[in-house]
Amino acid sequence: MLTKKFCLFFMLITFIYLPFLQAKYFVQSILDQFDYTKQITGLYINEFMADNETTIADENGEYDDWVEIFNSNPGAINMEGLFLTDNPAIPDKWQFPDVEIPANGFLLVWTDDDEEQGELHTNFKLDADGEFIGLYEIDGITPIDTLSFGPQEEDISFGRYPDGADNWQFFDEPTPGTSNSPGSVDDEIISPKSCILYQNYPNPFNPTTTISFYVAQLSSFVNISIYNIKGQKVKTLVDKKPDVGFHTVIWNGRDENNQPVGSGVYFYNLKVGKFCETKKMILIK
Ligand SMILES: [Ca+2]
Ligand SMILES: [Ca+2]
Ligand SMILES: [Ca+2]
Ligand SMILES: [Ca+2]
């Protein structure tokens, strides 16, 4: 009787459970190959140039903008289907072709708005006054690596040092497609402006408007205040130590006492250390 039970148990394991397990693993391995929700890690926007005059020419002899991608993984990564963009609102702007980046390797992409010139030419350029670069997953939504950058100088690249690190700096000896080299770091070169103040939007406005500013380096304090046409301070909008990057602040058309202000011309002034900039805006009721 015991032997009979054992035989039945043995048959169950051998002919039903084991094949079931094998089938399960087989199906899982197929699914894994198509599982695009798996997060890609170790890919970095490593260096770029938004104002290339003489540094490096593309296959057509054109000195165009470029972006370097670094694969810090111990294995190669196929870029096919991933996205690169200059606009965070359109993450799926340009899609990578079937191209592999070797382990610890680099890929140079021409951000020249010359798609007809080859597979590694994007449909956008980089604005030397400051813009955005984003690398996104195959779903066209999930970011892998993104950055907002400030004003760039001619033939000076901006990149991570060492490769893939959080530290960004300017390079007067750019290394498109190869490792960012310590010898090419120029400590003397800093962004011409530590801060940028953008025109408010909308303008004219009623009753709220958005003011954007960009901080290029860690600084002690940023102050943005609003003045009326008589030069009287109406409201302090920002007075803090912000992170490097883009910031936006909304003014609701009210003064320090939370009272709505009248129609007219107002000035908003940005102060960061010695840097100071003022712009005009109009409130129309
Ligand atoms: Ca450019
Ligand atoms: Ca080109
Ligand atoms: Ca652009
Ligand atoms: Ca490089």
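Student: Which residues touch the most other members of the largest nonpolar core?
Tutor: Keep in mind that this is a predicted model. To find a core, look for buried nonpolar residues joined through C-beta atoms within 7 Å. Here the largest such core has 29 residues, and the ones touching the most other members are Ile45, Phe48, Val67, Ile69, Val109 and Leu135.

Student: Which strands each supply at least two residues of this core?
Tutor: Those are E1 (43-49), E2 (66-71), E4 (83-85), E7 (106-110), E8 (131-136) and E11 (168-171). The biggest giver is E1, with 5 residues.

Student: What does Phe48 touch, leaving out residues up to four places away in sequence?
Tutor: Count a contact when two C-beta atoms lie within 7 Å. On that basis Phe48 touches Trp66, Val67, Glu68, Leu126, Ile133, Ser157 and Phe158. Apart from this core there's another, of 17 residues, including Leu197, Val222, Ile226 and Leu270.

Student: In what order do the 5 strands of the open sheet run?
Tutor: Read across the sheet, from strand to paired strand. You get E7-E2-E1-E10-E11, with antiparallel pairing. E7 and E11 are the edges, each pairing on one side only. On average, neighbouring strands are turned by 25° against each other, ignoring direction.

Student: And which residue in E10 stands opposite Phe48?
Tutor: That's Phe158, which is also on the list of residues Phe48 touches. E10 covers residues 157-160, and its antiparallel pairing with E1 runs over 2 bridges.

Conventions
Residues are numbered from 1 along each chain as its sequence is written. Chains are lettered from A and ligands numbered from 1 in the order in which they are written. This is a predicted model: local features need pLDDT of at least 70, side-chain atom pairs count only at pLDDT 80 or more; totals for chains, interfaces and linings use all residues. A residue is buried if 20 or more other C-beta atoms lie within 10 Å of its own, exposed if 12 or fewer, and partly exposed in between; C-beta atoms are placed from the backbone. Helices (H or I, at least four residues) and strands (E, at least two) are DSSP runs, numbered from the N terminus. Two strands pair if DSSP finds at least two bridges between them. Axes are lines fitted to C-alpha atoms, for helices over the stretch in contact, and angles run from 0 to 180 degrees between N-to-C directions.
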